[in-house]
Amino acid sequence: MKLLNTLSGHKEELQRPTKGPIKLFVCGPTVYDVAHIGHARTYIAFDALTRFLRSENFKVFYLQNITDVDDRIIDRARRDHITPEKLASQNEREYKKVMKRIGVISVTKYANASKYIPEIVKQIQTLVARGHAYEIKGNGYYFNIASFPDYGKLSKRTVAQAEDSVTRIDEGIQKKNRGDFALWKFVDVNQKNSKKKFVLENGEPAWNTKLGFGRPGWHIEDTAITESFFGPQYDIHGGGEDLKFPHHEAEIAQQEAASGKKPFVKIWLHTGFIRVRGEKMSKSLNNFVTIDDFLKMHSADTLRWLVLSHHYRSPIDFNEDVVRDAEKSLDTLKSFIEKLAFTVKHSKNIKKHITDIALRADATQAEFVNALRDDFNTPEAIATLFSFANTINPTLLGMNPRDAKTAQKPLLYALKLFGISIKTTAVPSKITKLVKARELSRTHKQFTKSDDLRKAITELGYSIDDTPLGPFVRRVWQ
């Protein structure tokens, strides 16, 4: 399998480890608020990628962090008059709950930053000892980007260009370089609390460590966590495009400076933005749609299909038309699968079909898989499914049951791999009675009554298609 490595700018072969699993880390949420569909875009993409790798007989250890120590959590907790721990805990629970609802189930381990303070402190001490970090009295410890000549290699920025950026860079007039970022932030603690291991001082969490009372900076949390699980080097690091700089750039600098080993990560993968009216969807711009709000109007399957209908690196322009297009596209494919199942059940054809469906089905599944092997090209993979459906649609209702069942296989395989539900809802008895009544009316050529019954069935949310095998009835997508 080949993946486009953000670091090199080229597609590179994913090497199968000689021992142990593929080590995949994806930056998790900062739990100061609920998750929005921008988060869903990234986590659905990596969930589907992990599912695919496992289907290809790769063992995958998928690690995701939970940033539960952060300036934004502290600020929001103060605003809401609760502790940062309580706010983070509440939002973490909601995050995991909504991830389960949208089928993101492939994460092996979630790791909370607050549980890795000793590992964070140890990594900072190593950076200080190696001359890559320094202390500002009364402020904290900072990484010196001038000490790491490769700083900027992921985002393709020079150190000077990095100096010009103010994207979530820690302020500090005593920093050696404007782009230096905080590793450890000191917290002034009341003397009476000086012997405690942990305190909450004026709403700010602080751990008593060899560095002094304080809390970690944003970037150091991730490298301390990944080193704990994977060591100083591993296979794949993923996240949203907006994390390339400064977050992922900082991670590379920290880990490679601390260990002296390169590369920190073999392959970097970044998902594209979800945009609203041309702007990136984000909480800071207040133009986001929460996952929970999306699911009040649409299904989790629709959200997954919307995400996977776009290449993971491409931006998605989010609007209601795009959602409805995704909904309709998925419904078309599901309807086709249901019609195949209908043929399996009702076909009286006992002859072998003149077209070799088995060969076509196998070829379609192979094309689907090959598209995913090429930088996880989900739009191209989906296109193979519709091409197959269009090819066999003219002969669908004339198939024998065996051929119809065979034709379902690549479609069911694809939906299962993408985490899309393949269960169909049974037609309620009320609808079944109306369908039978309509068939009786048609038999007696009572066409006005037949039309009225069709209208009644439609108004109840079901479609009816008259076929040589009998009426094909299914629930209409909403």
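Residues are numbered from 1 along each chain as its sequence is written, and side-chain values use heavy atoms, with hydrogens and water left out. Because the model is predicted, local features need pLDDT of at least 70 and side-chain atom pairs count only at pLDDT 80 or more, whereas totals for chains, interfaces and linings use all residues.

The largest pocket holds about 1,100 Å³ of space. A pocket is here an open set of points on a 1 Å grid over the protein atoms alone, where a 1.4 Å probe fits, with protein on both sides within 12 Å along at least five of seven lines; lining residues have an atom within 4 Å of a point. The volume is the space filled by probe spheres set on the points, which are joined across faces, edges and corners. Of the 37 lining residues, E338, T424, T425, R474 and R475 are the closest to the centre of the largest pocket. Two or more residues of this lining come from each of helix 9 (300-308), helix 10 (320-346), helix 13 (401-417), helix 14 (429-443) and strand 18. Helices (H or I, at least four residues) and strands (E, at least two) are DSSP runs, numbered from the N terminus. Helix 10 gives the most, with ten residues. By class, the lining has 17 nonpolar, ten polar and ten charged residues, where Ala, Val, Leu, Ile, Met, Phe, Trp, Tyr, Cys and Pro count as nonpolar, Asp, Glu, Lys and Arg as charged, and the others, Gly among them, as polar.

About 780 Å³ of space lies in the second largest pocket. Its lining comprises 35 residues, with H39, R72, D242, L243 and K280 nearest the centre. Helix 1 (37-55) supplies the largest share of this lining, five residues. The lining divides into eleven nonpolar, 16 polar and eight charged residues.

The axes of helix 4 (residues 117-129) and helix 6 (residues 218-230) come within 9 Å and cross at roughly 105°. Helix 4 is therefore roughly perpendicular to helix 6 (angles of 65 to 115 degrees, taken between N-to-C directions of lines fitted to C-alpha atoms over the stretch in contact). Helix 6 also supplies at least two residues of the lining of the second largest pocket.

V476 lies in the segment after strand 18 (470-475). With a relative accessible area of 30%, V476 is partly exposed, a class between buried (under 20%) and exposed (over 50%), for a 1.4 Å probe and protein chains only. Leaving aside neighbours within four places in sequence, V476 is in contact (heavy atoms within 4.5 Å) with G461, Y462 and S463.

Definitions and conventions. Axes fitted to C-alpha atoms, helices over the stretch in contact; angles between N-to-C directions. Parallel < 35°, antiparallel > 145°, perpendicular 65-115°, else oblique.
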